[in-house]
Every structure is written in C-alpha cells, then in structure tokens.
Amino acid sequence: MLTVSEAIRERRSIRSFRSDPVPDEVIHQMLEAARLAPSGSNRQPWRFIVVTDATEKARLRKICLDQAFIEEAPVVFVCCADVTAYSQALRKKRSQEFIDYGVTETLSGRFADPAFQALLLAEPDPDLRTFFPAAVANTYIAIEHMVLTAIALGLGTCWVGALGNEGEIDAFFGLPTTMVVVAVLPVGYPTMIPPPRPRISLSEILLRPLPAPSR
Ligand SMILES: Cc1cc2nc3c(=O)[nH]c(=O)nc-3n(C[C@H](O)[C@H](O)[C@H](O)COP(=O)(O)O)c2cc1C
C-alpha cells in the first residue's frame, strides 16, 4: 500500500480499465475513506451510490457525454451531496457531539463563545438550497479521499465532474431535490499507467514569495 504522498504523486486520471473485478474490500475502504473526511461543522453531506450493474453503467456513460471508460470500469461511484445534512435538527445533533467528544473545548474565537453557539442553535430552519455550495465543496474532499485510497490500493480512477447533466442522473436514480450529484467516479485496475500530466509551477500558485526560511 502506498503512503499518502506516494499516492498523491502516483495518481493519474485513468481512462481505460481492465475487466478484473474490484474487490469488495477496496469498495469498503474507499467508502470508509470518504466517511472519515472532514467537513464544516462536521455536517458530512456526502452520499454515494455504488454502481456495478451493466445497464446502469451504460446509462451513466450516455448521460456523462458518452465517455466510454465509465461503462468499462467494474465499479462506478455516483457521489452526491445532501443538503438535509444542514437542517437545524442535525446542527443540534452535531453540536451536541462537539460537546460529548470534547471538541467544544478546543474551539476558538467566536465559535468558543457559548452565546454565539446558542444564537446559531436558535436560528430557524434555513432554506436548505443555500447550502448546496457548501455541501458540494465538502463532498469534493470526501471524493478525493476515495481517489487517493484507490490509488494506494493499486487501482485507478477518473473524476467525472458535474457536466451540466446532473438532473438526468438525479432522475435515473430517483434522487430527491435535496440531493445533488457532485461527481461520477469510475474505479478499476488500469490497463496502463500514463506519465504524469503537466502542472503549473510553484511560483505560479504562490501569490507572493515564500517567507524567508527560519533559522
Ligand atoms: C472535478 C473534475 C472533473 C473532471 N471531469 C472529467 C471528465 O468528465 N472526463 C475526463 O476524462 N476527465 C475529467 N477530469 C480529469 C481531469 O481532466 C484531470 O484531472 C486533469 O487533466 C489532470 O490530469 P491527471 O488527473 O491525470 O493528473 C476531471 C477532473 C476533476 C477534478
């Protein structure tokens, strides 16, 4: 099994899979990696459908701009974000867990202020649709945990992001309006490992030079 930094370096988008099945253990480990991801206020909005059925994979391929590797992969995760995770009832539950698990004592600033916490808890139920961006952002974290776990276990994946046709996936799987498809993730053993793809340089991603090295 690769280390995290090895998995990050070895990861490539894989667009051709062998037909060998993906062991159940790998599927479980990927889901476990998602489950353990961090999320704002520990809301954990990620939800998954594990697709192995040939007809369902063929349909996903068609919906996702006819990308053949989606159908070819032995397993496809449909990764969704659920805004009901942001209801006030669940805010209270998560908040109680923060108390029970001693997290509250580690919080800082306004989050450590009991009056501020009480104010948040007293808010009426929000329009859940306003939480779609947060739910999607948090789900992205969980998905990348899954990707790196797959790589570490010798498998390949390719993110297939929201392509403007999520509504068709929602309808196909009968998802409620509180759920949004974030990505489709085919998984399988790669037919070959391509060389690394180019990246912009460190200086291009730094908005200002690094601080001088400390002595
Ligand atoms: C959110 C997201 C959506 C993507 N959607 C697709 C896709 O629909 N089809 C595809 O072939 N690759 C897709 N990719 C893969 C990117 O093209 C790929 O990550 C990028 O070119 C860098 O290559 P690498 O992943 O091999 O390093 C997606 C990647 C991300 C993160």
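A polar side-chain atom of Arg199 sits 2.8 Å from an oxygen atom of the ligand. That makes a polar contact, meaning a pair of N or O atoms within 3.5 Å. This is a predicted model, where local features need pLDDT of at least 70 and side-chain atom pairs count only at pLDDT 80 or more, while totals for chains, interfaces and linings use all residues. Residues are numbered from 1 along each chain as its sequence is written, and side-chain values use heavy atoms, with hydrogens and water left out.

| Residue | Ligand atom | Distance |
|---|---|---|
| Gln67 | nitrogen | 2.7 Å |
| Arg197 | oxygen | 2.6 Å |
| Arg199 | oxygen | 2.8 Å |

On its own the ligand exposes 610 Å², and the protein buries 67% of that (accessible areas by the Shrake-Rupley method with a 1.4 Å probe). In total, 14 residues surround the ligand, with Ser13 and Arg15 also among the closest (a residue counts if one of its heavy atoms lies within 4 Å).

Now for the inside. The largest nonpolar core has 32 residues, and Met30, Phe77, Ile143, Leu155, Leu185 and Val187 touch the most other members. Such a core is a set of buried Ala, Val, Leu, Ile, Met, Phe, Trp, Tyr and Cys residues joined through side-chain atoms within 4.5 Å; buried means under 20% relative accessible area, exposed over 50%, and partly exposed in between (1.4 Å probe, protein chains only). A second, separate core of 20 residues includes Ile14, Ile70, Val76 and Val184.

Out at the surface, Ala122 counts as exposed because its relative accessibility is 62%.

Technical notes: Polar contact = N/O pair within 3.5 Å; in protein donor to acceptor, adjacent residues only side chain to side chain.
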